[in-house]
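Please examine the sequence and the three-dimensional structure shown below. The briefing that follows is grouped by topic.

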Amino acid sequence: MRWGIFTATGALALKNGLSPFATSAYASVPTGAPRSPLFGVKKFTEPMHRTQLQKPIPLRRKRDTLQAGKEFNAVFPARFEEPPARRLSYHTEFSKNPYANMAYVNPKTHRGPIEGRPPGEIFAHQRWDEYFPKAAYVMSIGQCAGDTYLHDLFPTQSPDSFWCYGSGKDSYGSMPPFLIKMRYGEPVVTRVYNNMPVDRSQNNGFGRNETQLHFHNAHNGAESDGGANTHHFPGTFYDYRWSTTLARADKINTDASDPRASGPDGAGGLVHVKGDFREIQSSMWAHDHRFFFTAENVYKGNFGAVNMYSGPDRGNETLQDGVNLRLPSGSLLDWGNTDFDVNLIISDCACDASGQLFFDIFDVDGFVGDIPLINGGYAPYMEVLPRKYRFRLLNASVSRFWKLAIADQNGNPVPFQLIATDGNFLTQPYTLSTLPPQGMGERFDIVVDFSAFPLAQRFYLVNQAKHVDGLRMKEQLSIKSSMRGDEEDPVVGSIMEFRIVDRVRSVDVKSVMLKWTDPDPSRVPMQLTEQIPIVEPVRRRHVEFKKSGGNSRGPDGSCTPDCPEHATFPWTVRINGEDHHSFNANRISMIIPQSGDVEHWTYENGGGGWDHPIHLHFEEGVTIGRQGMSMPSFEYGARKDVWRLGEGGSVTFQVQFGEFGGSYVNHCHNTVHEDFAMLSRFQALTGVPGSPQRSITPTPNPTPDGVFFTTPEIIPEGVPRDINPQELASVTDLIPKN
């Protein structure tokens with residue numbers, strides 16, 4: 001058994017001056033012991049905290065004086081005292097003459113550049129003028145505020161148990177996680193300040209004080225993907241330009257004439273954008289991706305939600321213009337209403353004997369806790385009106401699969417409509433009584449209609465997936481059985497309560513009270529989008545994820561980037577039936593030679609006894625078929641970025657890369673498997689013609705003193721046979737000279 005040494009019942013006992021009964025790091029709740037409050041409705045004593053909405057900062061366009069007027073910067077209002085966002089990193093200026101101008105030096109350590117983004121054209125923001133940022137979000141990641149806790153009956157967490165996001169440059173963060181609302185047609189800069197402790201050991205036993213933020217899974221250039229080995233250090237910031245580019249912008253609807261390819265303009269109208277409306281995205285998230293430490297950092301609180309709004313998915317249920325789907329949301333704002341559109345970030349954790357967050361850094365199979373969390377809080381309730389709600393369900397666990405349903409107090413399921421997977425609309429809604437198992441990083445959007453139920457009725461979000469370790473689910477239980485609890489897995493059962501009430505205060509406009517007698521104008525149309533056709537591919541690839549043993553260390557015993565001293569590497573990736581490789585950031589395992597090529601990929605789990613949810617960065621795939629496990633009726637043709645493979649199973653999907661280029665990765669989203677080291681790098685030669693993103697990206701190697709580059713190894717099986725050798729340009733001339 002792999003549970004934390006401190007269970008939920010232990011937490012309550014500690015708060016009341018008693019001794020927690022669990023004493024072993026691998027002990028479950030013992031038979032006959034007092035049951036955790038997970039198993040009764042009395043536990044739902046605190047309201048659910050909504051995700052923390054971040055406010056955008058308007059930017060204006062101004063010439064860059066350092067570039068002799070040739071370029072434009074995105075300038076913040078003066079009151080924020082923020083340096084402008086630039087196409088080139090401030091590291092570029094630092095590298096020209098290090099320490100000559102202290103404005104470009106890390107103000108916290110006085111070592112290295114102020115910006116973590118690597119220098120020069122390779123990591124310049126691609127298509128900067130075309131997708132020039134109109135707004136910014138400034139956040140800091142660091143120690144949490146002193147009142148952070150999981151539940152009112154749980155101990156207060158120490159500042160280094162969780163590391164949280166806060167709004168602004170120098171703020172202390174807190175739970176719940178952040179929420180950023182974005183819209184197509186409004187590119188943004190997300191500036192992340194690293195305010196974590198300089199001393200790596202100041203982490204309460206786990207977590208690395210370096211971060212790169214991956215926007216999972218928006219269509220961005222590699223320099224802003226957060227998965228290109230570009231972590232940065234305490235005292236520095238990193239500017240991510242999230243372009244809100246709609247995929248196929250260079251191939252389909254290039255004149256931006258289709259009103260369905262659009263975003264809200266804030267005044268009831270639309271901003272048209274180029275690209276394929278069938279690829280609009282909605283429920284996204286962002287999380288840490290520091291290689292070899294992703295699981296520890298995400299578990300520690302380095303994540304948040306991102307909602308993408310479009311013409312069809314306006315976040316306004318009353319606006320009728322022939323494009324807006326009018327899904328449940330609200331109507332007090334022009335777009336992005338969340339009164340009836342709710343982010344539910346679901347995860348699990350464990351605590352040590354003092355009630356502090358605990359993580360087993362030596363476990364290479366996967367870590368599952370005994371405490372379920374919703375938006376960072378334990379066992380919450382939510383008051384809802386008797387009407388339709390949209391719930392955006394995100395699995396943010398590091399190793400736990402969830403299987404979720406909604407049921408009444410007697411275990412009777414409440415039907416709902418599934419409308420989206422991984423932030424992508426299904427062609428039509430599907431009525432279900434329970435969801436399939438949800439892998440780490442997967443998202444399901446559902447619509448629940450409470451209108452048929454009386455006031456004061458209570459319902460429960462129920463977990464039916466049973467774990468005994470972090471390798472896979474052991475069993476999928478029935479709803480009624482799950483609600484009775486399980487001796488082996490305390491997280492089985494009801495994890496959240498819904499209470500039907502006659503009024504709730506608006507989240508969007510806090511002065512407004514919403515009542516049960518208000519009409520519900522929202523709807524779920526029979527057609528949500530159109531199907532992307534499956535076509536004959538230019539090439540096929542086979543990627544196998546296996547437990548075969550590998551070695552991410554070089555001859556000198558080091559990893560690229562540096563890894564834990566205790567680390568071993570059982571998890572590997574195998575391309576097209578050739579050698580098995582554990583992760584090395586300086587190794588390219590696949591090359592995508594040309595923008596617009598349609599490829600068919602097969603992801604295979606090369607063994608039994610474990611399961612893998614596999615994530616592809618940058619692009620979504622259109623699901624074609626499965627082997628080894630049944631395929632849900634809704635999944636054929638569905639666009640996804642995470643696929644659960646099952647034990648010994650495989651999935652085949654269609655993918656097409658374009659618009660941006662650079663270095664990206666794919667990996668297991670059991671982030672413990674990823675960290676030990678089931679992850680591989682691929683190179684997309686799909687940038688703008690003549691740009692560095694049409695060539696191999698040299699590998700950035702971040703250090704506290706700045707980034708240096710190395711020439712990557714390219715494994716032969718990753719090079720398509722039809723590729724023009726001239727495409728593989730030498731990186732020598734691209735490496736900046738310090």
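How many aromatic pairs does a search of the whole structure find? The search finds 44 aromatic pairs, where rings of Phe, Tyr and Trp (its six-membered ring) pair if their centres lie within 6.5 Å, and planes under 30 degrees apart count as stacked, over 60 as edge-to-face and the rest as tilted. The model is predicted, so local features need pLDDT of at least 70 and side-chain atom pairs count only at pLDDT 80 or more, while totals for chains, interfaces and linings use all residues. Residues are numbered from 1 along each chain as its sequence is written, and side-chain values use heavy atoms, with hydrogens and water left out.

**Aromatic pairs**

- A pair of aromatic rings is described by the distance of the centres and the angle of the planes.
- The ring centres of Tyr165 and Phe178 are 5.0 Å apart and the planes stand at 85°, so this pair is edge-to-face.
- Tyr165 belongs to strand β7 (residues 163-167) and Phe178 to strand β8 (residues 178-183), so the pair ties together parts 13 residues apart in sequence; helices (H or I, at least four residues) and strands (E, at least two) are DSSP runs, numbered from the N terminus.
- Tyr165 is buried at a relative accessible area of 7%, and Phe178 is buried at 3%; buried means under 20% relative accessible area, exposed over 50%, and partly exposed in between (1.4 Å probe, protein chains only).
- Trp601 and Phe682 also form an edge-to-face pair, with 6.2 Å from centre to centre and 85° between the planes.
- This pair links distant parts of the chain, since Trp601 is in strand β36 (residues 598-605) and Phe682 is in strand β43 (residues 679-684), 81 residues apart.
- Trp601 is buried, with a relative accessible area of 0%, and Phe682 is likewise buried, with 0%.
- Trp601 and Phe682 belong to one aromatic cluster, whose members include Phe545, Tyr603 and Trp643.

**The chain as a whole**

- The chain contains 5 helices and 46 strands.
- Its radius of gyration is 24 Å, close to the 27 Å that the globule rule gives for 738 residues, so the chain is as compact as a globular protein of that length; the radius is taken over C-alpha atoms, and the rule is 2.2 Å times the number of residues to the power 0.38.
- The C-alpha trace spans about 70 × 60 × 55 Å along its principal axes.
- Of the 738 residues, 66% are buried.
- Among contacts between residues at least 6 apart in sequence, 74% join residues at least 24 apart; contact means heavy atoms within 4.5 Å.

**Tyr193 and its surroundings**

- Tyr193 is found in strand β9 (residues 188-195) and counts as buried at 9% relative accessibility.
- Leaving aside neighbours within four places in sequence, Tyr193 has contacts that include Glu82, Val138, Lys169 and Phe237.

**Backbone features**

- Most residues other than glycine have a negative phi, and most peptide bonds are trans.
- His216 and Asn217 are joined by a cis peptide bond with omega of about 15°, and Asn217 is in the loop between β10 (213-216) and β11 (237-242).
- Phe676 and Ala677 are also joined by a cis peptide bond, with omega of about 5°.
- Tyr99, which is not a glycine, has a positive phi of about 70° and counts as partly exposed at 36% relative accessibility.
- Arg248 has a positive phi near 70°, and Arg248 is buried, with a relative accessible area of 4%.
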